[in-house]
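Please walk through the model below, starting from a single side chain and moving on to the ring pairs.

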Amino acid sequence: MSLPSRKDVPVELTWDLSLLYPSLEDMFADEKKAVELSDAMTAQYRGKLNTPEIINACLDDMRTLLVLMDHVQTYVSLDASVDYYDNEKQERQAVIEREHAAIYEKISFADSEISDVPEEVLAAAIEMASENKMYLKKLKKEKPHRLDARTEAVLARLSGTLDAPYNLYHIVKLADMKFEPFSVNWEEFPLGYSLFEDDYEYDARTEVRRAAFAAFSKKLKEYENITAAVYDTQVQKEKTMAALRGFDSVFDSMLFSQDVTREMYDRQIDVIMEKLAPHMRKYAKLIQKIHGLDRMTYADLKAPIDGDYDPKISIKEAEESLAKGLSVLGEDYVGMIHTAFRERWMDFAKNQGKETGGFCASPYRKNSYILMTWNDRMSDMLTLAHELGHAGHFRACSAAHSVFDTFDQMYVGEAPSTTNELLMAHYLLRSNPDKRFRRWVLSSMITNTYYHNFVTHLLEAAYQREVYKKVDQGFSMNAEVLSGIMRGTLQKFWGDAVEITEGAELTWMRQPHYYMGLYSYTYSAGLTIGTQVCRRIEKEGQPAVDDWKKVLAAGSTVKPVEFAGMAGVDITTDQPLCDTIAYIGEIIDEIIRLTEELEE
């Protein structure tokens, strides 16, 4: 189980970055083009953006520039993400980030000058624009919160420095944090971030699972102060930026960019904390009963319902199952799935220094790249279905819109991915009538799809909300405060059903989402939409699929409420959320019933 170095993993388990750039020389050639174009734009347009025609000409060039920068940045960041031990890759990414910061400083005049033109000129520019229309409307919306041109230029130049907390977090987590093996009954087990989160958390052996949690938590605690200092830097920066731009709070600043009201944000957290908790406590008690645990601890929450039943699947078999399970989305979508496997869009490898978790990066009008680890488990296939949902979404967006309009709204960003997860899970339920298999699928929906998005990320969001409340009040964050907030959040949700053991309070150290604004709560928002879309597709068939495809292609041209509405989901009320929570309760009740039947 010890992890190999990156150079020793089989190439067929790695992604193929040559699809984006055949060589480093090609990447650097595009970087040179980006620098030259930014210089040309400065010379041609600076101080001259005073007519609708010139404004749109400048933005036409900016679109070209942004595509170049997007491709280059994606390439170096993906290359670095799979091996934080490779200093050359890390330095290359840092160099590109510094160069891009300089480019953003040079072209920052465009947004400032456009924002300062008379209203009638801006209105005329919007009227004559085609691919630039939404970008111009965005500038108009942001105008009250823009700073003077020189300040905006300085902030653009400092973007790499201002984004440093995110990179520092990963360096501490993936490069500096070295785990020692742990022992259980004189047997030694290797330990690492991905080994713990991908394997030991789900281990059916209680002694191994709890010992791994204790050893993992012990190592986290050694780095709690530096991690807290990095995180405090992040949240204080966000507070400062909110104040500079005239927002009353950090919440107002972040939700403004998401086009989400504070009511929608708070409702997502409060309703789940209140109404989902009883269902999940019932599920925790079931795990305790099945495993005969003396007490139900935080380290036991991901223990399998059936420790002796862990369906396996190869990568090739997963390709065929995904094609069948997602065939309802059409031949073109299935074609994308096969292309993804054939062209190696995915990085399945397990190696030292590789980023944990999973993500999908989609450079504009290029293939997507999916990072995850493959453990030959059917649950891996559900994770891959999730990430392919992101790939299909960005593919539809970029085909339909300019680079300005392909960045989807954060609030709904997880809807396409979780819709895919649910479609696959429901396909598996239909594919095999065996009760044990059905219980496994249902428990996977709870422990992976819903637990991950509706519990793990939701508790992160509830914790994060308390952090920002304190930041808004002028407090700084340290490890003791952060751990206290996390412990209180966990205790509130789990009540007396789960013992919040030592180490659970360090959960705040494990996610990079806290460096991405108000992101964590959007998982449950996306899954709420995804649940309703999946059920509608299965009930109505092609009309619902057709609507969903239009939604996927909408990109950032619509706001979250309109996005969900196009899919037939009204998120102006809590009804979809309450329906989804009730559905989770139904799944848990069926798991309990199947368990009783299997024990007879």
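A residue is called buried under 20% relative accessible area, exposed over 50% and partly exposed in between, using a 1.4 Å probe and protein chains only. The model is predicted, so local features need pLDDT of at least 70, side-chain atom pairs count only at pLDDT 80 or more, and totals for chains, interfaces and linings use all residues. Residues are numbered from 1 along each chain as its sequence is written, and side-chain values use heavy atoms, leaving out hydrogens and water.

Ser524 has 0% relative accessibility and therefore counts as buried. Ser524 belongs to helix α21, residues 520–540; helices (H or I, at least four residues) and strands (E, at least two) are DSSP runs numbered from the N terminus. Setting aside residues up to four places away in sequence, Ser524 touches Gln268, Ile272, Asn453, Phe454 and Leu458, where contact means heavy atoms within 4.5 Å.

Next come the aromatic rings. Rings of Phe, Tyr and Trp (its six-membered ring) pair if their centres lie within 6.5 Å, with planes under 30 degrees apart counted as stacked, over 60 as edge-to-face and the rest as tilted. The structure holds 30 aromatic pairs. Trp15 and Tyr369 form an edge-to-face pair, because their ring centres are 5.8 Å apart and their planes are at 85°. Trp15 lies in the segment before α1 (24–45) and Tyr369 in strand β5 (residues 369–371), so the pair ties together parts that are 354 residues apart in sequence. Trp15 is buried at 5% relative accessibility, and Tyr369 is buried at 0%.
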